[in-house]
Amino acid sequence: MESAKGFKKFFNEKMVTLLVLLVIVVAAFTVLSKNGSYLHPANIRNIFSLMVVTSLLTLAVGCLMISGNIDLSTGANGTLCGILFALLLQGGVAWPVALIATLLIGMAIGAFNATLVNIVGFQPFIATMAVASVAKGLTYVANNAVAVPVKDPVITWIGTERFFNNLLPVTLIIAIVAFVFYTVLMGATEFGRSVYLIGGNREAARLSGIHPVKISYILFINSGMLSALAGILLAARLKSGTVTGVVNMQFSGMTAAMLGGVSFGGGSGGFGGVFIGMLIINGFNNGLTVLGVSSYWQTVASGVLLLFALTVDYLNMKRRGKRVSKRG
Amino acid sequence: MERCLEFKGIEKAFPGVRALQDINFRVKGGRVLALLGENGAGKSTLLKIMSGDLRADAGTITLNGREMNFSSPNDAIRAGISVIYQERQLVPAMSVAENIFPGIPPRGALGLVAGKQLKRQAQELIDKFGLSIDPAAPVGTLSVAYQQMVEIMKAYRRDSDVIAFDEPTAPLTDAEIAILFDLIRRLKEAGKIILYVSHRLSEIFQVTDEIVVLKDGRLVAEMKTSETGEQELIRAMVGRDIGDTYAGLNRNDKIGEVLLEVSHLETDVLRDVSFTLRRGEIVGFAGLVGAGRTEVARAIFGADPVSSGEIKIEGKPVRFKTPKDAIDAGVALCPEDRKEQGLVLFRSVRDNVTMPILAKVKRGLFLDNHAEDEITIDAVKRYAIKTPTVDKIVMELSGGNQQKVILGRWTSSKMTTKILILDEPTKGIDVGTKAEVYQMVCDFAGQGIGVIFISSELTEVVNISDTIVVMHGGRVTGQMTRQEATEEKVLALAMLD
């Protein structure tokens, strides 16, 4: 009885819509690709191998969006951390030390964002965009805009090893573990509930004994950490820290979160839907590559998809807003 | 042609409430019609429909025989309907003249706004109304009363046929009210249709010609002002004698030792505020809007910073930095604005009830949903909250039930509330639920909780409280027991300058 209720809750109307959308995307690309090469194991492997990056960026920005905030520096932060990580390894630092140091750098950038937003009182949009610009500049400065090779065997193993007939990359396991962890954290713990309550009404949450500033700090630092990890794993996968890094995947992360039902207004959306949203995005981006669409047009397509997600979110908010803002 | 405004069969429903049902009446030019009713009777909703802010579900409004169909407030303004709300709709940094002529200022050579001409035209209007306002002064520097005058001139200048006032005298002093009434008489002589919304009966008799009484969204009485009296109006508004509501209360008579002692409390709004609250006592805070009552509540609760003074709970000095500290010490606040500060509207009844006790409903690392459900179901039963399940989104409940959700939050078995601060707990809820809330407040006192009861409704505050503290301009201007208090005394202190 209880599990049936849980099942129903999980597969609500929105989930069904998302699954249908996923099936449509997969079917369309399968039909359009030559000999159905889209569904070929080699291509599925391709989709899976990069999914960890979008997953982490989606989780980073998703948690913040639920709390009614936003971080536009995830891509730049991750890219900077990726190249710094590669530089540290190149300089002879042991990989565990380099890993922890880089994660700390990402977290420090997150803490800086949190300070700008919570203490100084800047708009999160502008503040994190400025920080993104700083991080982007530093990325170029770090090694004169030249990529840094990553040769550490442990790191490249994490980035490239695949289990089960080459189908299950180590990085995908990391992505799935991360998704399960954040789904439980946000859905079943005091912390997660507090994030939703703050996103729903920050002042009411504060007057009920929740600390919005504390939680906002945790979420921005978390966002910085996940961005850094995304950058590190991309460097591990490409065996190189590059200056473009994960920048372009930031919008995929936001699009996935919004497709999955996380609203810009805050306070709503669950990671079950977001996971499917992320599958859709990854399937979509890869599909365009398989069809041979130029990367310039792919950028256009990603923008259109984000606009689509924004529109859906806007219409939802407007429907809700109409019922709330007019007071009788 | 004589002006005429007519409402026909107006209906409006919100989730959980039928705000207006079958409203029919008409007003002619040169007449002042009072729209009277308790909070939540539907007056504001009707004004909002008339001003294009809300759309009626059914029915029509006709002005001078033409059917009005507004999709925005701008449409209504263009059609000749101006509503003057309590919240000013002026730009504080711009001058009086610029506010009176917004958007379409007279233009001089080169298409630039001709400052002098603008000022002269504004001055003409100001003279016409016999006021002493400098047209070049920024509106933000004027008193509330003069800001209201500016708004009236703005409506007059637009040549509106209909001018509606929503509780215009709430923030005004007696002298200012006299000026306002003089203005209204001038508008009346000019043949305008005037709607006047107010709770204050004495004003109704001074300034209006006709009265329409709303109760729970229905039109319950329509009469000529000259042919009725206060008692009749009160009966129509309340549906019964007010006295009964309070006489029937089961009060607490066991008032114990001092629970809260506030001395010389100062914030950026408050000046030298002192009072005490005892176990089982209800201390009422009366005063006009902006008197500083909410600020007292927020300062005690740790929501706003305190600059000096002392707060003692059970004899121990405290200084809460955050609401969390206050809650841990047994202080609870039901804020004035339920929707903005009290509730997370899109979350369930359960989520709203368990907000402050999340740390106490855990099993291991996770929230215990069963415990949350039990606590919420208990609250739903205790307060007879009308909701089908605890999973219902709070937004879909009526105002009274939303208020009960907040009360349930602070009185659940996991809370140890000693001091309960209720800021305007009956605002916007219907008369029947009000009586329930009064009994709840008495019951809280009966359980030994000290209750701070802030209300702008004089009758309520005077009849519920054991002790009444009156505030004006951030200061305490008087304190008395229920036996000593009368509405007149409290009002005099509340308006003291």
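This is a predicted model: local features need pLDDT of at least 70, side-chain atom pairs count only at pLDDT 80 or more; totals for chains, interfaces and linings use all residues.
Local features are reported at pLDDT of at least 70 and side-chain atom pairs at pLDDT 80 or more, whereas totals for chains, interfaces and linings use all residues. Residues are numbered from 1 along each chain as its sequence is written, and chains are lettered from A and ligands numbered from 1 in the order in which they are written.

Chain A contains 14 helices and four strands, where helices (H or I, at least four residues) and strands (E, at least two) are DSSP runs numbered from the N terminus. The C-alpha trace of chain A extends over about 65 × 50 × 40 Å along its principal axes. The radius of gyration of chain A is 20 Å, in agreement with the value near 20 Å for a compact globule of 328 residues; this radius is taken over C-alpha atoms, and the globule rule is 2.2 Å times the number of residues to the power 0.38. Of the 328 residues in chain A, 47% are buried. A residue counts as buried if 20 or more other C-beta atoms lie within 10 Å of its own, as exposed if 12 or fewer do, and as partly exposed in between, with C-beta atoms placed from the backbone. Among contacts in chain A between residues at least 6 apart in sequence, 79% link residues at least 24 apart; a contact requires C-beta atoms, placed from the backbone, to lie within 7 Å.

Helix α12 of chain A (residues 249-259) is mostly covered, with eleven of its eleven residues buried. Among them are M249(A), F251(A), M254(A), M258(A) and L259(A), together with the polar residues Q250(A), S252(A) and T255(A). Just after α12(A), G261(A) adopts a positive phi of about 105 degrees.

Chain B comprises 18 helices and 22 strands. Its radius of gyration is 25 Å, close to the 23 Å that the globule rule gives for 497 residues, so chain B is as compact as a globular protein of that length. The C-alpha trace of chain B spans about 75 × 50 × 50 Å along its principal axes, and 46% of the 497 residues count as buried. Among contacts in chain B between residues at least 6 apart in sequence, 67% join residues at least 24 apart. The domain assignment, which is automatic or from a database, divides chain B into domain 1 (4-241) and domain 2 (245-494). The centres of these two domains, taken over C-alpha atoms, are 33 Å apart.

Strand β19 of chain B (residues 419-423) is largely enclosed by the rest of the structure, because five of its five residues are buried. I419(B), I421(B) and D423(B) point one way from β19(B), while L420(B) and L422(B) point the other way. Two strands are said to pair if DSSP finds at least two bridges between them. β19(B) pairs in the parallel sense with strand β16 of chain B (residues 331-334) over four bridges, and C334(B) stands opposite L422(B). Five bridges join β19(B) to strand β20 of chain B (residues 450-454), also in a parallel arrangement, with V451(B) as the bridge partner of L420(B).

Not counting residues up to four places away in sequence, V441(B) touches I282(B), L422(B), V451(B), F453(B) and I464(B).

Elsewhere in chain B, strands β11 (residues 258-266) and β12 (residues 273-278) pair in the antiparallel sense over five bridges, and E261(B) has T276(B) as its bridge partner. Six residues lie between the strands of this hairpin, in which D272(B) takes a positive phi near 50 degrees. Helix α14 of chain B (residues 369-382) holds E372(B), which is buried, with 21 other C-beta atoms within 10 Å. E372(B) touches R350(B), T354(B), V361(B) and L367(B), not counting residues up to four places away in sequence.

The contact between the chains takes 32 residues from chain B and 24 residues from chain A. On the side of chain B that touches chain A, β2 (17-28), α1 (43-50), α11 (323-328), α12 (338-342) and β18 (366-367) each supply at least two residues.

Key
Two residues are in contact if their C-beta atoms, placed from the backbone, lie within 7 Å.
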